[in-house]
Amino acid sequence: MEVQITTLGAILGLLLSIILIIKKFHPAYSLILGAVVGGLVGGAGLTGTVDVMMTGAKDIMPAILRIVTSGVLAGVLIKTGAAAKIADQIIKTLGEKRALFALALSTMILTSVGVFVDVAVITVAPIALAIAKKIGYAPMVILLAMIGGGKAGNVISPNPNTISAAENFGVDLSSLMAANIIPAIVGLIVTVILANMLGKKIKSKKLEEIEDEIENESEKVELPSFISAIVGPVVAIMLLALRPIAGIAIDPLIALPVGGIVGALAMGKIKNINEYVTFGLSKMMPVAILLIGTGTVAGIIKASTLQQTTIAILSAVHMPAFLLAPISGVLMSAATASTTAGATIASATFAPAIIASGVSPLAGGAMVHTGATVLDHLPHGSFFHATAGATNMSIGERLMLIPYESLIGLSMTIISTIMWGIIL
């Protein structure tokens, strides 16, 4: 007999997870404990709860495997200094007059080629702080430019959030990356507009000397040439693009590590590949562990009546069924304060209902994915604190950026929803 969990149980379990995460309990254990409570309160019993949690974790394992292997490319980009070189070259090319656009674009490109958005911000931060000091921008302004660029890049990247959404909707990773190119461009434009507005609103205090303690792995190595730095990401993206272009299917599990290895070869750093792979794995393991916890909660929600309740609410207020996709992404990103966890839970839970409503898998994945960028920066997530630390900002200042970040994510979500829910 199939286990069914009540909507109340699923919501209480999710709320408990959120509360525990806010209280600084480990996110993975918070999610697992929330799943247990949600199943028990929801009427599944102890055995049924464990079975549903195991099923949810099992369903997410293919995405976790791909995420773990993507650490090869991420490790190469960060440890060789390729990521810093790409960012530095973009900023130098565009010049100080277009500094905010350069910062947003460089962070967007780094994220879009497979660097985690928080790592992309940390990588660009030393360059950004130096520019801010020279030109007179407040740290809040440059951080908004970097975060917005990172959000734009994240919806067209081979990062864990995209991998999870593609896996759960059953679409090609490259297709889902391409689906949100226009929303990403809009997000970049909105970022630059908002950053310029904020720059005019906040007159920068004179920046003190910037400490050299900001975490930036690339500072320890001599930076490669720009051409060699981009070889790895270009190879990975070309391999992923072979399926829609030539009908040759190369899984991200293969494409991303190959891109990393070829990149190391191009930079003459192949002898250090074990160091890069180990570093990349260390960056991916916390995400993989988090996703296991996320999978248990997704299993509980998927087995609950929450989907039917949400659909019923949408019907009661006469909202189109396709809005379930972006709304689920927004709600789950708010619950987890994470693009990856939000996109994973929303796509794993609501994909069947979204597709059943007549929305194509690619459209559903695109809308869920952009929706997961709207509230992924809330204070109970690591991204909020990592980005504050990267620019030496106080928590109070960091909190002031939340409305601006939300507007950037919302602009991409609206464009994606118009494109995939109404036009296409």
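Biologist: His318 sits in the loop that runs between helix H16 (306–316) and helix H17. Why does His318 count as exposed?

Modeller: Exposed means over 50% relative accessible area, buried means under 20%, and partly exposed lies in between, with a 1.4 Å probe and protein chains only. His318 has a relative accessibility of 73%, and therefore it counts as exposed. Please keep in mind that this is a predicted model, in which local features need pLDDT of at least 70, side-chain atom pairs count only at pLDDT 80 or more, and totals for chains, interfaces and linings use all residues. Residues are numbered from 1 along each chain as its sequence is written, and side-chain values use heavy atoms, with hydrogens and water left out.

Biologist: What is the phi of His318?

Modeller: Phi of His318 is about 60°, a positive value, although His318 is not a glycine. Asn392 also has a positive phi, near 55°, and is likewise a residue other than glycine.

Biologist: Where is Asn392 found, and why does Asn392 count as partly exposed?

Modeller: Asn392 belongs to the loop between helix H20 and helix H21 (395–400). Its relative accessibility is 48%, so Asn392 counts as partly exposed.

Biologist: What makes Ile185 partly exposed, and which helix holds Ile185?

Modeller: Ile185 has a relative accessible area of 43%, which means that it is partly exposed. The residue has its place in helix H12, which covers residues 181–201; a helix here is a DSSP run (H or I, at least four residues), numbered from the N terminus.

Biologist: How many residues apart along the chain are Ile185 and Leu129, and what separates their C-alpha atoms?

Modeller: Ile185 and Leu129 are 56 residues apart along the chain, while 24 Å separates their C-alpha atoms.

Biologist: How do you know at what angle helix H17 and helix H19 cross?

Modeller: Axes are lines fitted to C-alpha atoms over the stretch in contact, and angles run from 0 to 180 degrees between N-to-C directions. For H17 (residues 324–336) and H19 (residues 361–371), the axes come within 7 Å and the crossing is at roughly 30°.

Biologist: Which residues make the contact between H17 and H19?

Modeller: With contact meaning heavy atoms within 4.5 Å, H17 brings Ala325, Pro326, Ser328, Gly329, Val330 and Ser333, and H19 brings Gly364, Met367, Val368 and Gly371. By class, this contact of H17 with H19 has 5 nonpolar residues, 5 polar residues and no charged residues. Here Ala, Val, Leu, Ile, Met, Phe, Trp, Tyr, Cys and Pro are nonpolar, Asp, Glu, Lys and Arg are charged, and the others, Gly among them, are polar.

Conventions
Helices (H or I, at least four residues) and strands (E, at least two) are DSSP runs, numbered from the N terminus.
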